[in-house]
There are 2 protein chains.
Amino acid sequence: MHKTLPLPPLTAIRVFEAVARHGSFTKAATELGMTQAAVSYQIKVLEDRVGAPLFLRRPRQIALTEVGQRLAPAVTQAFEQLSEAYVTARGGAQGTLVISTIATFASNWLARRLGSFQIAHPSLAVRLQTEPHLVDFSREEVDIGIRSGRGDWPGLAAHRLINADFTPMLSPSLAASIGGVKEPADLLRLPLLDPGDPWWAKWFAAANVPAEGLSSRPGASMGAQAYEGNAATAGQGVAILTPAFFAAELADGRLVQPFDLLCNDEHAYWLVYPETRRNSPKISAFRQWILGEITASSR
Amino acid sequence: MHKTLPLPPLTAIRVFEAVARHGSFTKAATELGMTQAAVSYQIKVLEDRVGAPLFLRRPRQIALTEVGQRLAPAVTQAFEQLSEAYVTARGGAQGTLVISTIATFASNWLARRLGSFQIAHPSLAVRLQTEPHLVDFSREEVDIGIRSGRGDWPGLAAHRLINADFTPMLSPSLAASIGGVKEPADLLRLPLLDPGDPWWAKWFAAANVPAEGLSSRPGASMGAQAYEGNAATAGQGVAILTPAFFAAELADGRLVQPFDLLCNDEHAYWLVYPETRRNSPKISAFRQWILGEITASSR
DNA sequence: CCTCTTCATCAATCCGTCTAATGGACGGAC
DNA sequence: GTCCGTCCATTAGACGGATTGATGAAGAGG
């Protein structure tokens, strides 16, 4: 049976290391930011534990005893290794940012802007994961998440990015094909992309247009805004989309938004991360960047 | 300019090491002899310092994050090194016993008994240094000292070994050469070894023998009991010696002590060592042995 | 469904560590 | 020699980090 004898107090070892390196209690105290008295105390503690003096107290200088000489190099080396590992880990911790997002946001918003973040933070590697559900940050190795919801996740900090507003959009040529879209009811003369989407019903209701049997209308059901947006851009029909996801298409005229009427879903897209990590450099870097992008694009 | 970033609390690192090794907070707590709550706290502290989670909290088990994986091996290695160095140092500290003694005691008492100590403690290497003055234990690498004096050294523990008694001794044949030594004055008919030794004057005074001009008597002055003892054994004269140093010669008849009258010097031979080290294994081993030898030889 | 195990959290406590002041020992300057 | 500056040791006292014990939440297994 082999009983491992307990290590002496590590603070004492650390102090010993500094003293051995400097050959002086006072200088070690300065380096460690503590009093010479504290150093003296710690050395005494360690000497008690080891069972032998570690230093010879000579006038104006100290010298390592044989025991001390045997201990010092290994201790110094161990601390160097520890320090190096810590720095590396810390660096690694700051070097990779793992984002868990939902596909819609990734493809319609993040993808085309992420480049500017990477340019701003060249030392940060970004790993983008799209997952249907909000990850549990304590179980998965994820730094930040982007999710839709109400922003009320316990233990998580949440910043509202964009509202899940929706309104019909179509290509200018498709609008022209019926002589322009002047009022909401005009849309019913065009093919609706995914007419079963509950957003259509909501929007027509808000527009005061009776629109029964929408879900029975022929049309494609694609389920992801990116696809519907592409289809609309190609002039294949009218899609009901979140404008913030198609700012570029609206700006350059590939899509038009015929009506100002926006509906929304009571929920929004949020940036979320564990409250406790709010000060992590990479997290605040990303937060700062994305919130800046949001205000810039809504201007 | 390169600022060394401070290491995180070492207790936290130690806890982390144990947790990483066991893959369990609870088991690590058991190994470290503390509560699971304390382990949890320390890990959190370290995670705060590192700036990233070190473990993924999965049900019924934990797993290292990437950062943790990078940190753990180096930390374990560093602690192994530390532990090994500590054990070695501790072993070395206990493996060598440095005795600083005065020549007289070494040659007349210690030398012929030390063997039994080494047999009793085969793992202890003994280094015997003879020095005229009491060393300063805080400046010289010495574990124990044997010195004559009054036993009142501040900061030092002192055990009386033998009194510095003295009485005349001579070889049986020399005594027979004058028909036997019957009374103190008979000694004056024989050559005295080192007649200038103040011990002679003291002893004759105590014996009520007028003995003027002792120091002017012809004789050898050797100054060390060992030499005088040898000379006396060889029948070259009468020496005034400390009986405890010649127990063997008295026992086997090489020397005789004609009178019971002992004088002494007010001082004795002492075993001394720093009070603070009284519990050091090698010191108590030696103390126990030498005090046992003393009582055995005075029995 | 209940139980057991695991980790997280909280408030209260304890003890290890540190500080400030002081003293002793020594070396160097004058 | 005397004074001064530097160094380490010691002490009492205060602070704060570490620890505890109780409790809660989550999940696995019977």
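Residues are numbered from 1 along each chain as its sequence is written, and chains are lettered from A, with ligands numbered from 1, in the order in which they are written. Because the model is predicted, local features need pLDDT of at least 70 and side-chain atom pairs count only at pLDDT 80 or more, while totals for chains, interfaces and linings use all residues.

Let us start with how the two protein copies are arranged.

Now turn to the contact between the chains, where two residues are in contact if their C-beta atoms, placed from the backbone, lie within 7 Å. Chain A brings 40 residues and chain B brings 39 residues. On the chain A side, α1 (10-22), β1 (55-58) and α4 (66-95) each supply at least two residues; helices here are DSSP runs of H or I with at least four residues, strands are runs of E with at least two, and both are numbered from the N terminus. The biggest share comes from α4(A), with 20 residues. The copies meet through the same surface, because 98% of the interface residues of chain A are also interface residues in chain B.

Within chain A, have a look at α1(A) and α3(A). Their axes, which are lines fitted to C-alpha atoms over the stretch in contact, come within 9 Å and cross at roughly 110 degrees. That makes α1(A) roughly perpendicular to α3(A), a word used for angles of 65 to 115 degrees. Among the residues that make this contact are F16(A) and V19(A) of α1(A), and V39(A) and L46(A) of α3(A).

Finally, we come to DNA strand C. A residue is near the strand if its C-beta atom, placed from the backbone, lies within 6 Å of it. Of the 23 residues around DNA strand C, M34(A), T35(A), A37(A), P59(A) and A37(B) come nearest. Two or more residues each come from α3 (36-50) of chain A and from α2 (25-32) and α3 (36-50) of chain B, and α3(B) gives the most, with six residues.

Key:
Axes fitted to C-alpha atoms, helices over the stretch in contact; angles between N-to-C directions. Parallel < 35°, antiparallel > 145°, perpendicular 65-115°, else oblique.
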